[in-house]
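User: I would like to learn how to read a structure like this one, feature by feature. Please give the general idea each time, then the case at hand.

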Amino acid sequence: MANKRTRSDGRVLPGRLPGKVAAPRSARRNLRPSLGEPPPSTRPDQQSKILARLRAAEETLRAIQSGEVDALMVSGRRGDQVVSLKGGELAYRMLVEAMSEGAATLSRNGVLLYCNRRFAELICRPQEKLIGMAVQSLVTKTERSRLEVFLADAQKAVVKSEFNLLRRDKRLVPVNLSLNRFPGRKGYALSMVITDLTEQKRRHVEDTRLQLAAIVESSQDAIIGKSLDAKIVSWNPGAEEIYGYTPEEAIGQPISILLPPERADEWPAIMERVRRGQKVEHYETKRLRKDGTVIDVSLAVSPIKTAEGETVGASAVSRDITDRKQAAEIKQAQAMRQLLLERVLTAQEEERRRIARELHDESGQLLTSVLVGLRTLEDSRKLSDVKAQGNRLREITAQALDEIGRLARGLHPTVLDDHGLGVAVSRYVSEYTKTHNIAVDLKLNELNFDDLPSAIQMGLYRIVQEALTNVARHSGAKTVSIKFTRSATALEVAIIDDGCGFDAKAVAVSSHRLGIQSMKERAAMLGGTVTFLSRRRGTKILVRAPLAKQELKHPAEPRNT
Ligand SMILES: Nc1ncnc2c1ncn2[C@@H]1O[C@H](COP(=O)(O)OP(=O)(O)O)[C@@H](O)[C@H]1O
Ligand SMILES: [Mg+2]
């Protein structure tokens, strides 16, 4: 007959007991008298077997007496049976002690009357010290009032809820608490089962982490992790696609490898905000690819924080918006061109009307005078009258010629064809100074423009003309300087006024203003650029036209006069 000893820690010890020990309590009282020397008739091998069994029985009894064993598992004809040695309650206590979940009983107001070892282990506190403590003291202040409500609810029904219990070392253990009412000595008490959720939460966190990692991996946006000293610590495939570096090349490098030189000071400012725990919302900027090309990106930066809220790095999400930006720019340029075309057509119409008016009012009048004068001449009898009339008619005709010449010059600056850009600008400037009373410091730097294609000369002339007109119309400037510089590859003109300045960026997107737009268009047609730098103290316009060698005329080439 096999017997097992069951210890109060719930473990069952195997052992061999004589049949009588396994008998009910009343029978066990008879156990002691049977212990003694074997009868002298027994054979020696049987004797040693009996002795061994006796020793086992003695050991078991000693354990029972010393309280090491609370109950016995007895295998008999009726199968395995647990026999409690200290009354019926003990069996339940053993069960509770053996549970893998925490268990406790509480008074109605939350004082711990009993708790099992698992519960004590869970919150790293000695089991005996927990008895008498209020369960409310085992949660943080933030959860205390919720726990009170929970205890009150438990007086009516079985309740379950998640809490964080405070360990002795002040760390928190996430648990599920289940409270149930049961009748006690004074009214009723509460039983509480505590399930540790640490592993479940850890798994949840791990699952979430894996999901997030999958999102980062499959994102088309570049998602880059950085340490607080602005080194790259993580690099997703999106980043590789956009910036061209492999993770091996990028990780460990300073983030500045992605910054175009003119934006080098952008990161310190961003990192400063991140260190303060602030986000940088999406904004448009430029970044440098591995191959050296600069791309337009939309960038957002957020601090990376630990569970304790300490900022340990930053994550940056960037999207390549070069195509989108280019498309938007093309669309804007197209709209602008359309507008310009419409303007040109209207301007043409207006110009024709003006010419018609001027021809009619000025030259027409003068020629009419000539016609009338000629008729008077026909009727004159006296030679002196004819002479006087002839004189007057010559003057009127000269005046008419002047008028027509002025009209023609306005339509097309022939001086450009005849004498080139330098002379044309000089003449325009001297008339401009007289008309607007603005001093112009023109520095042609003795440049020779003879070899420039007429398209470049005409383009630059018109740009200078528009810039000067704007100075006169809008700036209130007293002086303007115009400086021409020429290198082997480009011709540059800087037009600087000391006027009121303006918001060049705002004007650039305005569709109503066409002067600046047409300056840009003209420069673009020459393959060049116009840059506007404007502050309150004035405006600087920089025009740059590239000079391709093959396009330059031979200086000796005759002008088409
Ligand atoms: N040199 C300048 N100084 C101050 N403001 C200027 C200057 N050039 C241009 N502007 C501003 O830019 C605007 C746009 O100029 P522009 O495109 O030539 O249109 P418009 O001359 O028909 O107003 C002007 O209305 C003016 O406010
Ligand atoms: Mg203008």
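The dialogue below goes through the fold, the strands, a helix and the ligand.

User: What kind of model is this, and how are its parts numbered?

Analyst: This is a predicted model, in which local features need pLDDT of at least 70 and side-chain atom pairs count only at pLDDT 80 or more, while totals for chains, interfaces and linings use all residues. Residues are numbered from 1 along each chain as its sequence is written, and chains are lettered from A and ligands numbered from 1 in the order in which they are written.

User: How many helices and strands are there in the protein?

Analyst: Both are DSSP runs, numbered from the N terminus: helices are H or I over at least four residues, strands are E over at least two. The protein has 17 helices and 19 strands.

User: How do I read burial and contacts?

Analyst: A residue is buried if 20 or more other C-beta atoms lie within 10 Å of its own, exposed if 12 or fewer, and partly exposed in between, with C-beta atoms placed from the backbone. Of the 561 residues in the protein, 20% are buried. A contact requires two C-beta atoms, placed from the backbone, to lie within 7 Å. Of the contacts between residues at least 6 apart in sequence, 49% join residues at least 24 apart.

User: Is E358 buried, exposed or partly exposed, and why?

Analyst: E358 belongs to helix α12. E358 is partly exposed because 16 other C-beta atoms lie within 10 Å. I404 is 46 residues away along the chain, and the two C-alpha atoms are 9.0 Å apart.

User: Which strands does β5 pair with?

Analyst: Two strands pair if DSSP finds at least two bridges between them. β5 (residues 102–106) runs antiparallel to β9 (residues 188–196), with 5 bridges, and G102 is opposite I194 of β9. On β6 (residues 112–115), β5 has 3 bridges, again antiparallel, with T105 partnered by Y114. The hairpin of β5 and β6 has 5 residues between the strands, and G110 there has a positive phi near 100°. G102, A104 and L106 form the covered face of β5, and A103 and T105 the uncovered one.

User: What is the strand order in the open sheet of 5 strands?

Analyst: The order is β11-β10-β14-β13-β12, with antiparallel pairing. At the edges are β11 (232–235) and β12 (280–288), each of which pairs on one side only. From one strand to the next, the twist averages 30°; axes here are lines fitted to C-alpha atoms, for helices over the stretch in contact, and angles run from 0 to 180 degrees between N-to-C directions. Within this sheet, β13 (residues 294–305) and β14 (residues 311–320) share 9 bridges, V301 being the bridge partner of A316.

User: Which residues of α17 are buried?

Analyst: An α-helix has 3.6 residues a turn, so residues three or four places apart point the same way. In α17, the buried residues are Q517, M519, K520 and R522. They pack against α12 (322–379), α15 and β18 (529–535). After α17 comes G527, with a positive phi near 80°.

User: Which residues are closest to ligand 1?

Analyst: A residue is near a molecule if its C-beta atom, placed from the backbone, lies within 6 Å of it. Ligand 1 is surrounded by 16 residues, the closest being N470, S475, F502, R513 and G515. By class, the shell has 6 nonpolar, 7 polar and 3 charged residues. Nonpolar means Ala, Val, Leu, Ile, Met, Phe, Trp, Tyr, Cys and Pro; charged means Asp, Glu, Lys and Arg; the others, Gly among them, are polar.
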